[in-house]
Amino acid sequence: MEVYFDNSATTRVYPEVADIMVKVMTEDYGNPSSLHMMGVRAENYIKETTKELTGVLKCRDDEIIYTSCGTESNNLAIIGTALAKRRKGKSIITTSVEHASVRAVMEFLEKEGFDITYIDPDKNGKIDPKDVQNAITDDTILISCMMINNEIGAVQPVEEISRIIKNSKKDIVFHVDAIQSFGKIPVIPARIGADLVSVSGHKIHGPKGSGFLYVKKGTLLRPLLYGGGQQRNMRSGTENVPAIAGLGAAVKKTFEDFDAKTSHIRTVRDDFVKKVTSLTDVVSHSQDAPHIASIGFTGVRAEVMLHALEERGIYISSGSACSSNKKSVSRTLQSIGLSDAEIECTVRFSFGEENTIDEVDYAIGVILEILPILRHYTRG
């Protein structure tokens, strides 16, 4: 049996996604900037995806910028805002538990002379909005916060943070990294009060190499790419029409029976957490998100558990997939108070709509079988 419990790293594309991408690449392959009919056909795919997104996000069609991935969306949002507003201030507020695609950007901006304030979470990985409020100064130009933590699934109080920004009556841009939340919980920019929202396509059964950035009308943003002026001069370069069309198909499919799908994902996740934590010396660090389970197996290194499960056809992650192949300690797990030994024993299971209770039971059976063996060799 093959069981894929690494859906926060990436997802299998829907058949509809693969089909439309092949069609665009082999039949409707024109450049969307071309004036002839082949170009018009290509452009229509972009318009159709934009229509899907505006329907889900409840936004305008000129508030969407297509990107190559969530990382690019985060880079464009943060660096673009910093460059556009640097004359008004150089203070940026973020959290200590952001994804590497935010953290690395902040480190870059710090070297460029910006003042970065990192807000630490509580023991559950959640940010206290009052800490954000206390960090705001007259020099603050940007606040960036993820909506769902990619390692433990903590859902951040972005709406409360947005209200604090609004009540401060300062010209502060609010960026929300929604890469782990779009398609899992409702993400409506006007409702959460976000000026910028980053999303990645391959987390919702769309293609790798696809993503977008929501940019609220009137938000100042400096482009990072210059050239032919595509996408209202905000991201020059020929649009990746196959990826954008695939993204549109994924969004359409994801939000069909959305409540039923997310309820199913949560049911499978909760069932797994309940069963796995009934085993000896197994703990959960999981929080509110419906699809992420952070599990610590005392006495077994994460990498050892990962490969032992892989041998039995079960695929998981030892942390964020973007960083799990690097030897670094998880800032998220550190921030919630785990010791180095506990961090070393923690892995991530992440669930999608294709997962089943039968798969959970198979995984639990395998874990029950291998756990004593792995612990025996560790002690030895």
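1. The model is predicted, so local features need pLDDT of at least 70 and side-chain atom pairs count only at pLDDT 80 or more, while totals for chains, interfaces and linings use all residues. Residues are numbered from 1 along each chain as its sequence is written, and side-chain values use heavy atoms, with hydrogens and water left out.

2. Val-132 sits in helix H5, residues 129-135. Helices (H or I, at least four residues) and strands (E, at least two) are DSSP runs, numbered from the N terminus. Which residues touch Val-132, not counting those up to four places away in sequence? They are Ile-93, Ile-119, Ile-127, Ile-143 and Ile-161, where contact means heavy atoms within 4.5 Å. Thr-95 is 37 residues from Val-132 along the chain, and their C-alpha atoms are 9.1 Å apart.

3. Helix H3 has 16 residues, and from its first C-alpha to its last it reaches 22 Å, close to the 22 Å expected at 1.5 Å a residue. The expected span is 1.5 Å times one less than the number of residues. H3 is largely enclosed by the rest of the structure, because 12 of its 16 residues are buried. Among them are Gly-70, Glu-72, Asn-74, Leu-76, Ile-78 and Lys-85.

4. Leu-76 of H3 is buried because its relative accessible area is 3%. Leaving aside neighbours within four places in sequence, Leu-76 is in contact with Ile-65, Thr-81, Leu-213, Leu-221, Arg-222, Pro-223 and Leu-224. Met-234 lies 158 residues away along the chain, yet the C-alpha atoms of Leu-76 and Met-234 are separated by 9.3 Å.

5. Helix H4 (residues 100-111) has 12 residues and spans 16 Å from first C-alpha to last, close to the expected 16 Å. Its buried residues are Ser-101, Val-102, Arg-103, Val-105, Met-106 and Leu-109. What do these buried residues pack against? Their partners are helix H3 (70-85), strands E3 (91-95), E4 (115-119), E5 (140-146) and E6 (173-177), and helix H11 (331-335). Just after H4, Gly-113 takes a positive phi of about 100 degrees.

6. Two packed helices are described by the angle between their axes and the distance between the axes. For helix H2 (residues 37-57) and helix H8 (residues 241-254), the angle is about 35 degrees and the axes are 9 Å apart. Axes are lines fitted to C-alpha atoms, for helices over the stretch in contact, and angles run from 0 to 180 degrees between N-to-C directions. The crossing of H2 past H8 is left-handed, meaning that the near helix is turned anticlockwise from the far one by less than a right angle. H2 contributes Ala-42, Tyr-45, Ile-46, Thr-49, Glu-52, Leu-53 and Val-56 to the contact, and H8 contributes Val-241, Ile-244, Ala-245, Leu-247, Gly-248, Val-251 and Lys-252. By class, there are 10 nonpolar, two polar and two charged residues. Here Ala, Val, Leu, Ile, Met, Phe, Trp, Tyr, Cys and Pro count as nonpolar, Asp, Glu, Lys and Arg as charged, and the others, Gly among them, as polar.

7. Thr-49 of H2 counts as buried because its relative accessibility is 2%. Not counting residues up to four places away in sequence, Thr-49 touches Tyr-66, Ile-244, Ala-245, Leu-247 and Gly-248.

8. A nonpolar core is a set of buried Ala, Val, Leu, Ile, Met, Phe, Trp, Tyr and Cys residues joined through side-chain atoms within 4.5 Å. The largest one has 50 residues, of which Leu-53, Tyr-66, Ile-143, Phe-174, Val-176, Phe-182 and Phe-212 touch the most other members. H8 supplies the largest share of this core, seven residues. A second, separate core of 31 residues includes Phe-297, Leu-306, Ile-370 and Leu-374.

9. Most residues other than glycine have a negative phi. Lys-169, although not a glycine, has a positive phi of about 55 degrees. Lys-169 lies in the loop between helix H6 (158-168) and E6, and counts as exposed because its relative accessible area is 74%.

10. Asp-257 is not a glycine either, and has a positive phi of about 55 degrees. Where is Asp-257 placed? Its place is the loop between H8 and helix H9 (258-276). With a relative accessible area of 59%, Asp-257 is exposed.

Notes
Buried < 20%, exposed > 50% of the residue type's maximum accessible area, 1.4 Å probe, protein only.
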